Amino acid sequence: MGNKIISMMKKDRKDGSKSMRMNRSQRKLLADEEMLHRRALSMAIRQTQLSQRFDGSMSRRVGSTSTRKQRTLSDPFSNGKQVPDFSSDSLTVKKFVLVHGEGFGAWCWYKIVASLEESGLSPITVDLTGCGFNMTDTNTVSTLEEYSKPLIEYLENLPEEEKVILVGHSTGGASISYALERFPEKIWKAIFICATMVSDGQRPFDVFSEQLGPAERFMKESQFLIYGNGKDKPPTGFMFEKQHMKSLYFNQSPNKDIALAMISMRPVPLGPMMQKVSLTAERYGKGRRFYVQTLDDLALSPDVQEKLVRENNPEGVFKIKGSDHSPFFSKPQSLHKILLEIAQIS
């Protein structure tokens with residue numbers, strides 16, 4: 001009996017020690033995440049303080065699968081599973097260039113940057129013109145070329161022997177499509193995350209027409225338009241109100257990240273959204289393109305994303321359960337895992 005009690009006491013001590021170790025580990029993860037979030041929030045507040053004020057007035061008029069590889073993931077950390085072991089040494093290309101979508105900036109990738117760096121990879125983020133810390137007035141950005149200039153300049157200055165994996169979110173898909181047309185030899189793979197994978201002659205806005213209505217009507221009737229050159233001139237940009245942004249982009253995201261986004265989002269230049277993109281089979285068409293679908297997305301519905309996949313035939317398709325239009329917030333570990341899987345595809 002005494003030996004049994006001693007044995008049970010030893011077992012309890014072992015279990016308790018294991019529990020304490022797990023708690024310490026969990027606390028460290030939470031502390032690391034909190035530190036990352038504080039850093040991102042600090043940068044966002046600084047951005048807000050530096051941002052230029054917009055002189056334009058805001059209108060408030062009330063407007064009216066085939067043989068492709070497919071994977072569906074929920075967030076692995078939600079049920080305690082870890083991302084599988086991964087060796088970056090096996091990769092030919094380790095540099096990821098992360099391109100944000102409309103209204104966002106490089107700040108939105110902070111969780112993905114941290115996880116990619118922990119995996120031994122080299123993430124690069126860019127602020128497109130008029131976004132994030134790029135202080136250009138969005139009212140002056142009228143073409144996709146102007147909007148994508150920071151990305152194009154980065155690729156132009158890339159050493160001749162280097163290649164990158166290009167990642168685009170939402171309307172950032174138009175920018176990486178434009179870059180793929182310009183520099184197919186420098187882009188090893190292009191990954192579209194719930195993004196505007198446009199066809200030749202299509203406008204980025206057309207992809208969102210199911211949610212926002214036809215482009216011509218939106219330009220005339222939307223309550224979110226910005227008239228940077230005066231009410232008697234065509235609109236120069238748009239920006240959703242906070243409650244609309246929350247419901248469209250962040251319906252599954254943590255409150256902390258929503259708070260970060262609310263002080264960081266900037267108006268969207270309208271010109272690049274309305275410009276038809278010219279893509280050729282000889283350049284863009286030969287690029288290795290992959291698509292990541294977000295299955296709880298209210299900004300770009302799963303049906304629309306499925307239509308984009310059918311029409312553009314990417315090499316691989318991946319799906320994330322429980323993700324809104326911002327998987328870098330709502331399902332960062334799932335997105336991280338998918339990026340690693342795509343990077344390893346030979």
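Which backbone oxygen does the side chain of Lys186 reach? The views below take up this residue and several others in turn.

The model is predicted, so local features need pLDDT of at least 70 and side-chain atom pairs count only at pLDDT 80 or more, while totals for chains, interfaces and linings use all residues. Residues are numbered from 1 along each chain as its sequence is written, and side-chain values use heavy atoms, with hydrogens and water left out.

**View 1. Lys186 and its surroundings.** Lys186 lies in the loop between helix 5 (172–182) and strand 6 (187–193), where helices (H or I, at least four residues) and strands (E, at least two) are DSSP runs numbered from the N terminus. The side chain of Lys186 reaches the backbone oxygen of Leu155 at 2.6 Å. Lys186 is buried yet has no salt bridge, and the nearest side chain of opposite charge, that of Glu185, is 5.3 Å away. Here buried means under 20% relative accessible area, exposed over 50%, and partly exposed in between (1.4 Å probe, protein chains only); a salt bridge is a side-chain nitrogen of Lys or Arg within 4 Å of a carboxyl oxygen of Asp or Glu; and for charge, Lys and Arg count as positive and Asp and Glu as negative, with His and the chain ends not counted.

**View 2. Lys319 and Glu306.** The closest N and O atoms of the salt bridge between Lys319 and Glu306 are 3.7 Å apart. Because Lys319 lies in strand 11 (residues 316–320) and Glu306 in helix 11 (residues 302–312), the pair ties together parts that are 13 residues apart in sequence. Both Lys319 and Glu306 are buried.

**View 3. Glu311 and Lys307.** Glu311 forms a salt bridge with Lys307, in which the closest N and O atoms are 2.8 Å apart. These two residues, Glu311 and Lys307, are four residues apart in helix 11 and are therefore separated by about one helical turn. Glu311 is partly exposed, at 42% relative accessibility, and Lys307 is partly exposed at 40%.

**View 4. Lys149 and Glu153.** In the salt bridge that Lys149 forms with Glu153, the closest N and O atoms are 3.9 Å apart. Lys149 is partly exposed, with a relative accessible area of 47%, and Glu153 is also partly exposed, at 36% relative accessibility.

**View 5. Ser247 in helix 8.** Ser247 is found in helix 8 (residues 242–249), and is partly exposed at 38% relative accessibility. The C-alpha atoms of Ser247 and Asp297, which are 50 residues apart along the chain, are separated by 9.8 Å.

Methods. Polar contact = N/O pair within 3.5 Å; in protein donor to acceptor, adjacent residues only side chain to side chain.
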